[in-house]
Amino acid sequence: MIKPLTIGEIVNSLGGQLVGDPHLVVSCVSSLRSATSGSISFFVDKRHIAALRATAASVIITSPEFSELTESVKIITENPYLYFVKVINLLNAAPNEAFQGISDKAHLGSGVEIGERVVIMPNAIICDNVFLGDDVVIGAGCYLGSGVSIGNFSKLYPNVTVYDDVRVGKNVIVHSGAVLGSDGFGFVNECGRWYKVPQIGGLVVGNDVEVGSNTTIDRGALDDTLIGDGVKIDNQVQVGHNCSIGDDTVIAGCVGIAGSVKIGKRCKIGGAAMITGHLDITDDVTISAGSLVAKTIKLSGRYTGVYPLSEHGEWLIGAVELRKMARTKGRVS
Amino acid sequence: MIKPLTIGEIVNSLGGQLVGDPHLVVSCVSSLRSATSGSISFFVDKRHIAALRATAASVIITSPEFSELTESVKIITENPYLYFVKVINLLNAAPNEAFQGISDKAHLGSGVEIGERVVIMPNAIICDNVFLGDDVVIGAGCYLGSGVSIGNFSKLYPNVTVYDDVRVGKNVIVHSGAVLGSDGFGFVNECGRWYKVPQIGGLVVGNDVEVGSNTTIDRGALDDTLIGDGVKIDNQVQVGHNCSIGDDTVIAGCVGIAGSVKIGKRCKIGGAAMITGHLDITDDVTISAGSLVAKTIKLSGRYTGVYPLSEHGEWLIGAVELRKMARTKGRVS
Amino acid sequence: MIKPLTIGEIVNSLGGQLVGDPHLVVSCVSSLRSATSGSISFFVDKRHIAALRATAASVIITSPEFSELTESVKIITENPYLYFVKVINLLNAAPNEAFQGISDKAHLGSGVEIGERVVIMPNAIICDNVFLGDDVVIGAGCYLGSGVSIGNFSKLYPNVTVYDDVRVGKNVIVHSGAVLGSDGFGFVNECGRWYKVPQIGGLVVGNDVEVGSNTTIDRGALDDTLIGDGVKIDNQVQVGHNCSIGDDTVIAGCVGIAGSVKIGKRCKIGGAAMITGHLDITDDVTISAGSLVAKTIKLSGRYTGVYPLSEHGEWLIGAVELRKMARTKGRVS
């Protein structure tokens, strides 16, 4: 799957300033540490200077700021990591799908519309009235409920479940085990027992979204749950019913978002952060990993709420003091 | 799937006091904000008064307390939200399953007992000696191990896995990706290596339970894990081996419950709360979202343990002070 | 599946000092509380003395320290719980798999190598060039991408997904819903939009590993993600790209580990702990449940960082004081 290129060809494609022989051929990308001859790597962080000095990489991508630090053949560019990523895509042709076309072991319901060059792997279940755009890939064992639509170039890895009527945009990636459009958690109490609130809203996922493995996104109760364009969601994230996530927001692993939360654009939600229900977070907010958000955030910025880690004995003393502080104050006030 | 009704028919069915023409027809439910003519909505919270004033809904369900706030056609009842939920069920006939009967692409082992009107979708695997009650629905790609039993009217969405001998009650809903009865996390150390403790207990799930997508509930080590009647569990929850969850307790998303925890009846466990092993929580306890419970709770009430969220710079100062407090005290004592 | 044994046979097999008639037959294992006649149980914790006095178990396994506490027939040994676990394995022959051999409803790609006595259940998808060692079991609905290898005696429960080229060692257990080798969460920002960093590293899982249900372990970005020998991972755990987990480390449920974290050997990571990216944890570290680890840990020991749980009103007072402390200090400095 590797297509070796000369660095002249790379610079012709991607730009940047080349220092060295344009006929030099590179055949793989690697980190500085694991590089071998013939590989291209990148340097963006002075802390890795020792690795830069020791590397066997044939070519280094770096920024003008650091270009003097190496005598190696190099490509100088403003955003070396992005450049490196583009080189990965140049060198590594997309792997062939394990399957081509529509498997005769897949189930296709009635009224299904299928675009050009679609791949449907064995044991996928495509229910009635599903729409699949061009170049869509549906992995083995996926389930697409009635009325689901999946936009062009989107790919569902194996064993993804999509409930009825969920709409997924173009160029979306959904990893294995994700569940899109399951019922929101809605119950009303009647004499001590919980009575299910039917979840008749939908789920709309925008374009260029990535959804991590085993992530769950619930459908709305009445109105729709909305995932904006360019949103990137890591593994094991839970998004509750009627949430709305703004464009280009990124959500790290293990985050939980309760129902009816509105998150703005370009936010960064750190791993295992938890956001309680019915609140708004404005644009450009960063939530630190592990923080609990229990109120609306109206000002952009970074927010944190985690107990600092200590050696256990020291933590114990601090916890006792904290509790004493609360009790003293409680008696006084 | 919508069956339009007159509001006279609705009140005949569900009770309540009608103010307006009983021949008025409603054909959908909606929130105040997204309502159009012909829809029925509800009002229970004074903070939504602006939405009430602006709504295009034809009928409002509300309580005696708020009935003066609108001149609209209305139904007055003590629990408007519950009433509204019942209207949803009246108007929205349960959707037809995507499949009917027993798919010839399902696998049925020997000694399987199947009740009346059961649906088994393609690629479901039903191992030997499974019992399925009347009106059970088994989604595509579900796996039911040997000896599993599923009570009447229960529904497993696609891609649920049920390990051997798990017993599920009546009228239970299990969402996609859930795993019932996998091995508990039990190991014993022998000279630095971990030796697996066989998990030979079972899992018994009561009646009227709902289990969210990608939730996992482990079987017991020796005795059974028990989920009481009417328990509602959201997505991505982990319930460890030998837990016992009391009737009508609700558990929000991303909660983790370690092994051998006993939770009482009618508890409410907030999202992402974590409960460590071998402790008891009495009846009618509420745990706030994100709290860690590390000791037994003997008194009903609400408990919280989360670091308050701050702007990051302020949090940093607080964290430093907290640590200083612990260190000072540590030196003194 | 039970094979009754005399306690003489048990002691011949496993050692220990027998006090009582070696011809006594036991036919099941149980906890002290649920024991009936004919069962063998164990006693290791003085807090369960009442259960010991009341038990109907025919035989008690206990330590020299506690051997005087019961007049029952007993086996005395240094590690009674480990001994008990071994008795479970003696008495309970491994259950027969629900299926034998290679199902004709499984998909086998080209170039697949299959060892002796392998079981592949219906609807499993084995892509091209997969290697399966001897005695491997692949559950129903599992997906193994191209180039995957699974070592001898390893077992994948139903509905596990393994991405291309993942290598799994010998004697590994993977529970249902787990996803091995999905893409790490890597994006680079270009003018406000996120550009996917191809994840071209791999995932290597050592020998004697257990992976819990719905756990996700990502492949590396450039280099491999590494799970050491003897590592035990509970349910719903997330391991990010390029992590390295040392031998014999145990990770409890709901833990999140961000990318490029290096965890040493014999660590114990408590439930729902969260470890942020790019840090090192040395050998023999214990992290308490619910703690956030945000910096490198160089010294072995136990570390904790959780807000102590209180009755909600008391928590509120403490939280207000904590915030006041931060604000006062913030103004002063």
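Let's start in chain A, where A:I10, A:V11, A:S13 and A:L14 of helix α1(A) meet A:Y83, A:K86, A:V87 and A:L90 of helix α3(A). Sort the residues of this contact by class and you get six nonpolar, one polar and one charged. Keep in mind as you look around that the model is predicted.

How do you describe two helices that pack together? You give the angle between their axes and the distance between those axes. For our pair in chain A, α1 covers residues 7-14 and α3 covers residues 80-91, and they pack at an angle of about 115° with their axes 11 Å apart. Angles of 65 to 115 degrees count as roughly perpendicular, so α1(A) is roughly perpendicular to α3(A). There's also a handedness to check: α1(A) and α3(A) make a right-handed crossing.

Now hop over to chain B. Here helix α1 (residues 7-14) packs on helix α3 (residues 80-91) at an angle of about 115°, and the axes are 11 Å apart. The two helices, α1(B) and α3(B), are therefore roughly perpendicular to each other. As α1(B) passes α3(B), the crossing is right-handed. Which residues make the contact between α1(B) and α3(B)? From α1(B) come B:I10, B:V11, B:S13 and B:L14, and from α3(B) come B:Y83, B:K86, B:V87 and B:L90. By class, that contact of α1(B) with α3(B) holds six nonpolar residues, one polar and one charged.

On to chain C. Helix α1 (residues 7-14) and helix α3 (residues 80-91) of chain C have axes that come within 11 Å and cross at roughly 115°. That puts α1(C) roughly perpendicular to α3(C). The crossing of α1(C) and α3(C) is right-handed. On the α1(C) side you'll find C:I10, C:V11, C:S13 and C:L14, touching C:Y83, C:K86, C:V87 and C:L90 on the α3(C) side. The classes in this contact of α1(C) with α3(C) are six nonpolar, one polar and one charged.

So much for the helices; what about the gaps? Rolling a probe the size of a water molecule over the atoms shows where empty space is left. In this model, the count comes to nine cavities of 30 Å³ or more.

How much space lies in the largest cavity? About 640 Å³. It has 39 lining residues, and those closest to its centre are A:A272, A:G290, B:A272, C:A272 and C:G290. The lining of the largest cavity divides into 24 nonpolar residues, 15 polar and no charged.

The second largest cavity holds about 170 Å³ of space. Its lining is made of 21 residues, and nearest its centre lie A:N123, A:G141, A:N159, B:G141 and C:G141.

Technical notes. Residues numbered from 1 in each chain as written. Chains lettered and ligands numbered in written order. Predicted model: local features only at pLDDT ≥ 70, side-chain atom pairs only at ≥ 80, totals over all residues. Heavy atoms only, no water. Axes fitted to C-alpha atoms, helices over the stretch in contact; angles between N-to-C directions. Helix = DSSP H or I, 4+ residues; strand = E, 2+ residues; numbered from the N terminus. Parallel < 35°, antiparallel > 145°, perpendicular 65-115°, else oblique. Left-handed = near helix turned anticlockwise from the far one by under 90°. Contact = heavy atoms within 4.5 Å. Nonpolar A, V, L, I, M, F, W, Y, C, P; charged D, E, K, R; others polar. 1 Å grid on protein atoms, 1.4 Å probe; cavity = no way out; pocket = protein on both sides within 12 Å on 5 of 7 lines; lining within 4 Å. Points joined across faces, edges and corners; volume = space filled by probe spheres on them.
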